[in-house]
Amino acid sequence: MRMKQNFTLPTQLCLLFCIVLMITSCKKTTINTEIDTAIDKNSVHFLESGVNNNSPACYDCGELQSSYADTTEHETILGNSMLNPYTLPNVTQAYKNLHNNNAPNPALVATHLYVKFSPTNFNELALLEDENVDFTTYPLDNEVIFDGDYYQQPDKGEEDVPYLYAVVPINYTFLQNIPYTILEQMYIPDNDKVLENEALRISGNLGDDNTQSTSTYNPNTQQISPIIVLPPTVVQPHTDPCDPFNPYYPASCDNNPNTGGGGGGSPTPINCANYPKGKITVQNKLTNNETYRAVRNVKVVVRRGFKKEITTTDDQGNFASSKYFRNKYTILVKFKNNLARIGRIRGIRVWEQFFPIKINFGKWKNLDCGHEFQINNPTATKKIATSHWAAATAFNAVQEHREMCQQEGVGTAPQKLHILLKKGNSSNSGNTFMFNKILTTGGAVPYALTTAGIASIPIVGGPAATFAALWAIRAPDIVFGYGGETTYFFATDQYCELVYHELSHANHYAKVGNVWWINFGLDEKNNRHNGTGTYGPCCTSEANSIAVGEGWAYHFGHYLADKKWGLQCTEFPEQGDRSDFNTCLFFNNSGGFSSHHNFLEEYNPNRDLDKDPNRWLPKGLFNDMMDGGLENQNSTIIDNVSGFSNTHFFNALTNNINSMEDYKILFLQQNNNQQQTQIYELFNQYGY
């Protein structure tokens with residue numbers, strides 16, 4: 001764990017939370033309604049767009065930019081209710097209008113259901129979130145004036161379990177015992193645009209600029225502009241039947257005649273204005289590299305009212321819709337896949353940490369093919385936009401870590417990790433709790449660890465009982481910070497190293513199991529309170545397991561950062577208090593090696609204790625057993641060991657290893673006592 005280590009919650013948690021929060025806060029914190037008026041264009045991630053009839057246009061990117069440049073959450077604002085264009089009667093009438101008043105034969109049958117789910121507790125809420133469904137907390141039959149970070153349901157309190165609204169396929173299997181109400185049976189055509197556009201027209205949902213202008217919301221003033229209704233425009237005949245701005249052009253116009261056909265393949269849509277296609281990227285901050293790279297395998301949602309499509313980016317960050325969407329559709333990203341869900345810790349409505357962080361990239365018309373949605377490197381900490389960059393970078397790093405573990409012959413972290421971002425924690429801090437995995441595998445955590453969990457993630461606001469009940473259902477496995485006083489640690493290689501470090505703890509957990517991990521957490525908690533430094537003093541019984549766990553994670557985190565980024569790595573401080581650079585040494589790219597490689601090579605276990613009270617952690621020892629004696633002159637180590645691999649190191653991290661002495665003995669046994677004398681000498685130089 002980087003900085004702190006904490007664990008999950010016992011049955012007495014509610015009482016303890018009440019006591020702690022009574023001490024730290026005497027009243028519920030309300031949402032700060034002040035918004036930063038000066039928007040740093042470099043801290044937001046929307047491209048400016050044209051507004052003429054044929055150019056890509058975003059209707060709400062300015063408002064979203066403003067809200068994401070803030071540190072507080074903004075409420076979703078709804079407007080007037082709207083007619084549902086996809087009801088069976090409305091679509092049937094649309095069909096009649098297009099076919100000389102003849103009804104469809106056979107009659108249309110429902111393809112989708114509009115559903116209101118009414119979970120009664122956090123367990124039911126968590127089960128619903130696990131479904132591959134695009135939920136909203138606001139009803140879908142209202143105009144969305146501003147799609148914010150939360151919606152306050154009128155008949156619910158801030159901490160109450162909310163209703164969830166969704167459109168699901170007609171064959172959706174509802175979870176047992178979770179209450180729901182079917183609000184409407186609907187017929188939603190995927191690609192019959194002629195029928196769909198007529199259904200939208202007769203229900204007043206075409207959404208053309210010359211038909212009705214929507215309300216707008218200014219998050220700086222929190223003012224809503226009125227809706228201005230203009231006279232409807234009569235659709236004029238088009239000389240070109242495939243004019244993309246003709247709402248009645250035939251489906252064949254969207255198909256590339258050179259693809260599809262034989263072999264059962266489907267024609268490829270070429271009209272990207274109505275078949276949204278794009279790329280999700282995140283900005284690097286590396287040495288001589290501030291380019292954008294793909295956000296891989298992330299969930300993308302395309303929405304227009306009741307019509308939705310859920311897709312996923314590929315390894316190049318590309319996504320493509322297979323369904324027709326008329327103009328004014330919204331593009332969202334949600335940080336969730338089979339490996340991890342990345343949420344955000346909030347002071348109130350704490351149940352929202354069940355759900356992944358989302359980025360709303362705006363409501364679009366005429367989106368161009370391959371449009372690149374960019375997530376910029378942050379220029380300030382704690383902003384919502386900052387959490388977006390941290391989430392995207394961590395999301396990629398989870399996949400990178402898994403792939404590199406497989407390449408190195410090292411066990412991988414568990415899947416379906418519950419990862420949370422916390423703006424109250426520094427951007428160079430992380431905590432590998434494995435709370436959720438311990439809970440879901442039947443583990444019980446000692447009462448003593450609860451206080452450490454609370455202390456590392458101080459929640460200001462939100463009833464203690466609510467917070468306790470939520471964490472009893474789904475507590476975090478890992479927490480990363482995106483706060484602090486500096487953006488220094490938001491370099492790509494440094495934030496990735498933080499993620500690699502914590503995930504290296506997670507693959508250690510997967511190998512040793514709950515009992516070892518809980519004892520490890522107790523040792524870190526107790527040792528930290530017995531001395532100075534992040535991890536406490538070196539020469540205690542608790543320090544034994546800490547040296548094993550942290551030695552491995554520091555080694556493998558920096559090793560993978562070097563492996564991934566090489567000489568693109570940036571300079572960083574270490575071997576001291578990273579909140580006070582004056583106590584640190586700085587490591588950079590030199591001698592043809594990266595800063596992360598040089599840190600492992602130059603690590604000095606004999607540095608002045610007042611500058612580095614954690615010098616006793618064997619952060620460089622594993623690397624010394626790999627590298628063949630290439631010690632830098634700044635290191636005090638004489639290294640005569642070489643040739644071992646990360647596979648060898650990980651194999652010896654078994655659940656009966658509780659000290660570096662234990663580790664040394666098992667490591668030698670597993671490797672036929674090769675280089676025994678040299679290994680003893682090396683361990684001795686690190687104090688073991």
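A residue counts as buried when its relative accessible area is under 20%, as exposed when that area is over 50%, and as partly exposed in between (1.4 Å probe, protein chains only). Keep that in mind for helix α4, residues 122–129: six of its eight residues are buried, so the rest of the structure largely encloses it. Helices here are DSSP runs (H or I, at least four residues), strands are runs of E with at least two, and both are numbered from the N terminus.

Before going on, note that this is a predicted model, where local features need pLDDT of at least 70 and side-chain atom pairs count only at pLDDT 80 or more, while totals for chains, interfaces and linings use all residues. Residues are numbered from 1 along each chain as its sequence is written, and side-chain values use heavy atoms, with hydrogens and water left out.

Back to α4. Its buried residues are F122, E124, L125, A126, L128 and E129. At the helix start, a side-chain oxygen of N121 comes to within 3.1 Å of the backbone nitrogen of N123. F122 has a relative accessible area of 9%. Setting aside neighbours within four places in sequence, F122 is in contact (heavy atoms within 4.5 Å) with a group that includes W351, F354 and L470. F122 and W471 sit 349 residues apart in sequence, yet their C-alpha atoms are 9.2 Å apart in space.

Now look at S321, in the loop between β15 (318–320) and β16 (329–334). S321 is buried too, with a relative accessible area of 7%. Its side chain makes a polar contact of 2.4 Å with that of E309. Such a contact is a pair of N or O atoms within 3.5 Å; within protein, one must be able to donate a hydrogen and the other to accept it, and residues adjacent in sequence count only if both atoms are side-chain atoms. Beyond its neighbours within four places in sequence, S321 touches Y275, P276 and E309.

On the α11 side, Y554, H555, H558, Y559, A561 and D562 make the contact, and on the α12 side H596, H597, F599 and L600 do.
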